[in-house]
Structure formats: structure tokens, C-alpha cells
Amino acid sequence: MSEGPRSGLYAVSSALLAMSRHLEVRDVLKTIVASARELLDAQYAALGVPDDHGGFAQFVVDGISDAQWKAIGPLPRQHGILAAMLHEARPERLADVREDPRFEGWPGAHPDMSDFLGLPIRDGDETIGALFLANKLCPSGEHPPDPRSPKPDGGCGFTEEDEELLTILAQHAAIALTNARLYERSRELTIAEERSRLAHELHDAVSQKLFSLRLTAQAAAALVDRDPTRAKGELQQVASLAAEAADELRAAVVELRPTALDEDGLVATLRTHIQVLDRAHTARVTFSSRGVRALPAAQEEAMLRVAQEALHNALRHSGAARVDVTLERHGQGAVLCVTDNGSGFEPTAVRRAGRHLGLVSMRDRSSGAGGTLTVKSAPGMGTTIEMEVPGG
């Protein structure tokens, strides 16, 4: 592995570090594919994760535009050479994939490919993916205009050295992919725990309100004949308690609803969440954003959860009349600020008293996503929670 512009230890190290930076499965797959294509000077690269029905649960490509990929059509099935790699768990290095007897053709919009290098990604005895490369670039940086033309000696075509390098990459890809799967499973469990906690909060809060509502209504009924004025006051209290119960119910249901991060992104999801809170509470809740780009999924989820926790504190505990949320681009990352004009607190005193107001959870979420959390507050001066993440 001493020849070629990308075959040195530095290039291998860069590819492995790139894979280890991501925790989401989709991000890991994309990084593996891009790293493999760059490292081995290939025109095309792809990685497929098999399902249990003869197809692929996920299939990621690099070197093909979105328009080309859309024109190609449905994901490939596990036939021919792809099946051989997945089922026989062995590398496939071919001078011309179209001349292999197992080749079954490809859709009309599929780019023409000739030399081919494929390798299974294995976790122990299980094949968890298959990595494919096609069309080795010549030293000039260009693949021959006609992929059917012979490769110049030593110029194009995947070599034994390429196969060895891809084997190293596949071994580390297996580790990165397994870690990402474990992370996503852990996150699913965390979300389930969060939903359970919110369900308990919903039950406790609404039950208390309804209990008070029933007692107040009974008091009003007892007073209606002998003291109509007091009965009227009790009935006004009934109306107020009913409104509070409705607010508690509405806010908790919103928090229990699955977030739309995957479909809508952080900005749209936060905006929708804050609009609902603004309608549900007497405090004015606003949101503004500027220049924010898509962030790695783990960072977006951490920011959303920190914003929700900070909003919960501001609206339920601070007595704030106004809460402002801003999300702005900062370098490759973003900065989230949740500011209220409520009662505020002394952060060190709260920490000593053991009443963290969710600060420990917010700090954990922030650091877990590679970010930082800053809390600014003082008695009577409101509170600002600021979270910054680095982006990807």
C-alpha cells in the first residue's frame, strides 16, 4: 500500500476517522461509501445492507447524481454477483463485470461499468453489508471514455493491493456500522423512556387538575342557594382549572407525539413545536432562525430535546411572561438560545440543593452530541440556556 495518491497510512487513517465521527446508521453508510471511492480512486461506489426478503433494506451510492439515481429506479435485488458476495461471503474482483456469467444486466439509466471490486462487510459470522466499487480511475484521473476498451498496463483496473486496502476498510466499516446500530437502539430505548416519563407527567398533572376541579365544582354546588356570590367565584375557579387541565393535556400530547425531524428538519420541527406552546400557554413564546444548515442527526435531536427541556422549565416553573427561542448558524454548526423573563435562579445554589431543573439532562445531551451548554441566570433576572454544536 505504498503506491498511488491515496494509498498511504494518512489516507487510510483519514477514512477510518471519518467513519468513527458519525453515530447515525445512514451517516455511517454514506461515509463508508465516500471514503472507499476516494481511497481507491473509483468512479462509482455503493453499499447495500440486506433485508430478510431478498432485497436491500438500505442502499447508498457515491459518484451518481440524485437525478441519475432516481432514474435508475427501485433498489437492486440480491441476484448474481451481489448474491454471491452476500451468501458466499467472499471478495469479487473482476476485470469486466459484464463478461461474468452471473451478470444479469442493469436498468437503462444505470451508468456503464466494467472493472469491479466487491467485498462483504461482516460482523462475526453475519454479513451485514456489501461494499462495491466500479471503474478504477486511470493515473490521469479519468476513466477511459469507452469502459469496454482494454486498460493500460498498470494504469486502470482494481489490483490485489486495492482488494487488501478495501478489506481493511470493510473490517473497520463493520465496527462503525455495528456501533451505529447499537447507538440507534440505545436512542430508541431512551425515547421510549422519555415517552414513559411524559406519560406519567401527563397523568399526574391532569389528575391533580381534575381532582381540584371536582372539589371546586362540589363547593360551588353547595353554595349556589345560600351564597350565590361565593358560588359564582367558585364557578370561575372551575373554568380556570378546566383551562389549565386542557393546557396540560395539549402540551403533554404534543411532547408525546413522534418528532418530525427526519422529514422536516430541526428548524421546521422547532417552529411547529413552539407555535403549539404559544397557543397552549398564557406566556408569549417566539421562534426565529437564521442561516441554519442541516446538521448531523444526533446533533439535531440533541438540540430539539434541550429546547424542549428549557421550554418546559420556562413555562412551568419560571413564571415568565415571554420566552424567546433563536437558532442561528455558527460556522459549520449552530447555536440555540432559549431566553425567558421569569424569576430566574442562582445556578450554583440550585446545584447544591440538588434541584437541577433538567440541567444535568441538558448538559448530558449537549456533550453527547459534541456540543457545549451555557446557563445564564440570576434571581429576578430571567434565564438563558445556550447550546452550541459543531456541525458535521
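Start with the open sheet: five strands, in the order β6-β7-β8-β10-β9, with mixed pairing. Strands here are DSSP runs of E, at least two residues; helices are runs of H or I, at least four; both are numbered from the N terminus. Two strands pair if DSSP finds at least two bridges between them. β6 (284-290) and β9 (372-377) are the edge strands, each with a single partner, so one side of each has no neighbour in the sheet. On average, neighbouring strands are turned by 10° against each other, direction ignored.

A word on the source. This is a predicted model, where local features need pLDDT of at least 70, side-chain atom pairs count only at pLDDT 80 or more, and totals for chains, interfaces and linings use all residues. Residues are numbered from 1 along each chain as its sequence is written, and side-chain values use heavy atoms, with hydrogens and water left out.

β9 and β10 (residues 383-389) run antiparallel, joined by six bridges. Leu-373 stands opposite Met-387 in β10.

Now the helices. α7 (residues 261-280) lies across β6, β7 (322-330) and β8 (333-340), at about 165° to β6. α10 (residues 359-368) lies across β9 and β10, at about 150° to β9. Those angles run from 0 to 180 degrees between N-to-C directions, using lines fitted to C-alpha atoms, for helices over the stretch in contact. Contact means heavy atoms within 4.5 Å.

Which residues touch the most other members of the largest nonpolar core? Leu-270, Met-303 and Leu-336, out of 34 residues. Such a core is a set of buried Ala, Val, Leu, Ile, Met, Phe, Trp, Tyr and Cys residues joined through side-chain atoms within 4.5 Å. Buried means under 20% relative accessible area, exposed over 50%, partly exposed in between (1.4 Å probe, protein chains only). Helix α8 (297-316) is among the elements giving two or more residues. Beyond four places in sequence, the contacts of Leu-270 include Phe-287 and Leu-327.

The average is 80, and 80% of the residues score at least 70. Over residues 1-7, pLDDT is below 50.

Ala-89 is not a glycine, yet has a positive phi of about 55°. Ala-89 sits in the loop between α4 (80-88) and β3 (92-94).

Methods
pLDDT = per-residue confidence, 0-100.
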